[in-house]
Amino acid sequence: MLPLELCYCNTRNRLKQPPTIVKQSVKDYIVDPRDNIIIECEAKGNPVPTFSWRRNGKFFNIGKDPRVTMRKRSGTLEIGFRSGGRPEDYEGEYQCFATNDLGVALSNKILLRVSKAPLWPKEVLEPVVVTEGTPLVLACNPPPGLPPPFTFWMNSAMTPIPQDKRVSMGLNGDLYFSNVLIKDAHTDYCCNARFLFTHTIQQKNPFTLKVLTSRKVAESTPTFLSPSGTESSKMVLRDEQLLLECIAAGLPTPTIKWFKKGGDLPGRKVKFDNYNKTLKIINVSEEDAGEYVCMANNHLGSIRHSIFVQVKAAPYWLDKPSNLVLAPEENGRLVCRANGNPKPIIEWLINGQPIESTPHSPSRQVLGDTILFRSVQMGSSAVYQCNASNQHGYLLANAFVSVLDMLPRMLGPKNQLIKVIVNNRTFLDCPFFGSPLFKNGQGSGLDGGHYRVYINGTLEIKRARAEDEGTYTCVANSMLGKAENQVRLEVKEPTRIVRVPEHRSAVRGSLAHFDCKVKSDPSLPITVAWSKDDKPLSLGWSQVIPCFYADRPDAPVELDLSDPTARSVRLTWIPENDHRSPVTGQYTLYMHPGRWQNLSTYPGDLNSVILQLAPYANYQFRIIAINAVGQSQPSRPSPRYLSNGAAPDAIPRGLRGWGSKKDNMEITWEPLLNLERNGPNLHYSVWWRRNDLGEGWSNVTTVESKHVIHNTETYMPYEIKVQARNEFGQGPESNVVVGYSGEDKPTDAPTDLQVSKVDSTKANLHWKPVDLSSVQGEFKEYRLYYWRESSLVPGLVVSKEKKTKGFYSIVAEPSGILSDLVPFSKYKMFLVVANNRFEGPPSNTVDITTKEGVPDAPKFFRINRRTFDTIHLEWDKPLEPNGILIGYQLKYQTGELVGRPQLETLPPNVTTFTLRMPDRSTRYKFYLSALTQVGSGEVYAEESPHFANEGESFYQVDIATQGWFIGLMCAIALIILILLIVCFIKRSRGGKYPVRDKKDLPLDPVDQKDQDGSFDYHSDEDNKPLQGSQTSLDGNVKESDDSLVDYGEGGDGQFNEDGSFIGQYTVKKDKDETEGNESSEATSPVNAIYSLA
């Protein structure tokens, strides 16, 4: 759909449009505590939207806080601290609501946090003493900031610590020494933290490093300083940056190499930093998941560490809902599709409210990620929100559904000519506006075959052909009217060089002939030009256009495999013609599983490489050559090759033990990938034993990725491990993992539940605990069920929905505090104990009554300016009175906040108030709160609006209806009419009033005093055409001879003190003056009065 701001043919009426958020602050919003806080929210719509905010899920009363203001005609909040206050008090989650008569649009939930730059904790660092050749880690541990600080190491002279393959800083900020040398002994190793928002640098106390020497420094094999162990895991979100780090110790200093099991590192996205110790992958995708291995080696040996990378994803759009314009009785749909890992949950809202809580509409049907609309009616316009969320984030989109009843209209240029190249994909645009929607074409069935019509009116031709030339008509038909537009399409042949120049050898001074044959569309002019050594060659008869003749290389041939080993094979091939552009690179492709994949890249001058393979896998290879023009076609496949088998290298991942029933334990793990099997007949050996009995291991061999142990006792710990095997041997064993058998229902209930210290919103709970052995599983919490039975306010209906709250406590006398209760209400509650699967029997039920509290804010508070000198206020009682209302308290003072505020106390049955204004231009601020015996409740603040246009109208009506004003205007009009009639009579008699002869001296029609003191009575209004007049009064039309210009305008006439003219008038009469000039509108009394009015 096109934007709804476009105006229809009647320009006086703007289309009504639901609100649309056009600008908002980022979701994670970190602000500088030294600046004012600005939270942006801008929206468009017609009528102009009004704005409100929620903070931490509750209504944010902006008028209640003098530090918070909202920009005019905007929802943007500004929070200032000139008069005091702490920015930290305003941290929280904010959401903006833009509202007009047609719906409510929502901003994202904006998490506002204040930047923090905490000081480094004071500490005394003892000197670090190490022996030469041993590894060392100097810990930085910077103070946690928001955002986290950037760390770096320097000495006392503010010179960076030199870093190399042996000494470097890790991702955590620590300084790593693979081996310490004598030259490392210094007294000033300082870690520095730079905080971005405050632009400050904080320095940790310096380390003193002392190195003990020995006669002979022993060499050592590599070990890992970071990370520890043989394997670790890493989770990264899609489209973020993956950083993997391996830092090794050893003497000589080890070198670090990286590779990925079962495939290649993503060459275009991968980068190695920190002397190969850090692997960086940008814009991570799901294909980047897997096992990454870093290997550290020196001449004494090597060591490996496996990092298992999981790629999750916050929700991202597949099909974002877009605005929908429908006509009465028309059908439509909103689609909201998002993907992520885990799969996001789709939730629909209408005007900010969950769709389930809104009244049912027979024209609307919700089908998961789609809402269908059938036979919509006028008045059903609304703004729909789609929220797609998972544990890693959320997406929120607003899409309005606007039901309009209006004529269609074409918006594109008329009779457009489009030229395209044959066989190219072509789009013919037909932008439109209007409702109902229309179909493209003239009923000739263009939608189908190699045509496709989009909902926005665009016609796609998948491959333009010569027979597609012609005129296309886009037609919009509806019951209200019809609109159409035409587009002319011409299909042209491409310009090609069909014969390229060939290499020539010629004797100096002889003739050399080069051919360059070009084919093009006959209807288009063509020019041919030459270049020599990449410089234009001017022939004197044509423009300069280079004639290129390089082409892609031919595919390599005769692929051959040789020198097979357990995990490699040599691939050899013969390069073919490079077509005058040298081969710069070559790709190796392999077939697995069932599709060709990139294996590795090599320089263009090689024709034999050794390929690293996985054991026991079928391979077939192809080669692609690359030059400056492009890639060759893939070569013919090599002979098939089955690599030798080997024992598994991988350890099954995800090992866990858990009970699906109270008397069993399921041991599960992730099966090995196909490339990790390394041989046939893959199976798994599983071991388990009770953790608390010290018994021997039980084991079983299975081909599945699960084994169930039956007849276990309830919730007992087991040690478990797993190992993969195949025909060539057994792989490494996994680490021992502790699992638990199944849980059962708790048998005991908490007893003696008591409640004390009950106030209006809180209550203290006490109970006697259960024996933890009766939980029959992992103790999770004591779970309190409570519900609001009734309100003590007469006639107030409450929801009896049960709520829960958990208390984790294993002390001898557990207790807890239940908060967020509603004042002046009766509650019931009981307590159960819960494990991960079941709840136990309930405790005794307790009744409590909360005390009376202060009421909530009034349900609404409206301000209307009913008459010229009064303001009328209206409100409604609070939704939650929290007690017996005894009245309302209204404070008000002028908008400039000068003087003492006025206070009005009103009875509870009064919900209106009229204020008489002594000065009609004064603005007021009002503060309204409800009262109970406890005190006044939440304040609802409002400010009287400017009412600029309305006020102007009041002033006009008020003055125009005053008797003195009407009389004055009538007298002025009568005097002017008499004067003009007298002038007209004098002029028609032909009388002359000579003062000076100005016959041939016209004056400029400007309303200002001339240099000689005369005045021109033609105003700018006289030069504008009057509605309904037949002739123009601007300067382009010749003045009639009876114009006031001829009556002394611009002459030397002077005024007496009484205002009369001195001297006489002269009259200018041209010979060609006609009778028609006599009736010119310039001298018409009626038109003159109109002009002056």
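1. Two strands count as paired if DSSP finds at least two bridges between them. The model is a predicted one, and the pairings below are read from it on that basis. Strand β59, residues 664-670, is joined to β62 by five bridges, and the two run antiparallel. Within this pairing, E666 has V708 of β62 opposite to it.

2. The β59-β62 pair belongs to an open sheet of three strands, ordered β58-β59-β62, in which the pairing is antiparallel. At the edges are β58 (653-658) and β62 (706-710), each of which pairs on one side only. Strands of a sheet pair through backbone hydrogen bonds, in either a parallel or an antiparallel sense.

3. Another open sheet of three strands has the order β30-β35-β34, and its pairing is antiparallel. Here β30 (332-335) and β34 (364-367) are the edge strands, each pairing on one side only. Neighbouring strands of this sheet are turned by 15° against each other on average, again ignoring direction.

4. Which residue of β35 is the bridge partner of L367? It is T370. The strands concerned, β34 and β35 (residues 370-373), pair over four bridges in the antiparallel sense.

5. Two peptide bonds deserve a look when the backbone is checked. Most residues other than glycine have a negative phi, and most peptide bonds are trans. The bond between L251 and P252 is cis, with omega about 0°. P252 sits in the loop that runs between β23 (247-251) and β24 (255-260). N341 and P342 are also joined by a cis peptide bond, with omega about 5°. The loop holding P342 lies between β31 (337-341) and β32 (345-350).

6. On the phi side, N351 is the residue to check. Its phi is near 50°, which is a positive value in a residue other than glycine. N351 is placed in the loop between β32 and β33 (353-354).

7. How many salt bridges are counted? The count comes to 33, where a side-chain nitrogen of Lys or Arg must be within 4 Å of a carboxyl oxygen of Asp or Glu. One of them links D319 and R337, whose closest N and O atoms are 3.5 Å apart. Because D319 is in strand β28 (residues 301-319) and R337 is in strand β31, the pair ties together parts that are 18 residues apart in sequence.

8. The last point concerns charge on the surface. R496, R499, K517 and K519 gather there in a patch of positive charge. The elements giving two or more residues to this patch are β46 (496-499) and β47 (517-519). R499, for its part, lies in strand β46.

Methods
Residues numbered from 1 in each chain as written. Predicted model: local features only at pLDDT ≥ 70, side-chain atom pairs only at ≥ 80, totals over all residues. Heavy atoms only, no water. Patch = residues over 30% accessible without salt bridge, like charges linked within 9 Å, V, L, I, M, F, W, Y side chains within 5 Å. Areas by Shrake-Rupley, 256 points an atom, 1.4 Å probe, with all protein chains shown as cover. Lys, Arg positive; Asp, Glu negative; His and termini not counted. Charge placed at Lys NZ, Arg CZ, Asp CG, Glu CD. Axes fitted to C-alpha atoms, helices over the stretch in contact; angles between N-to-C directions.
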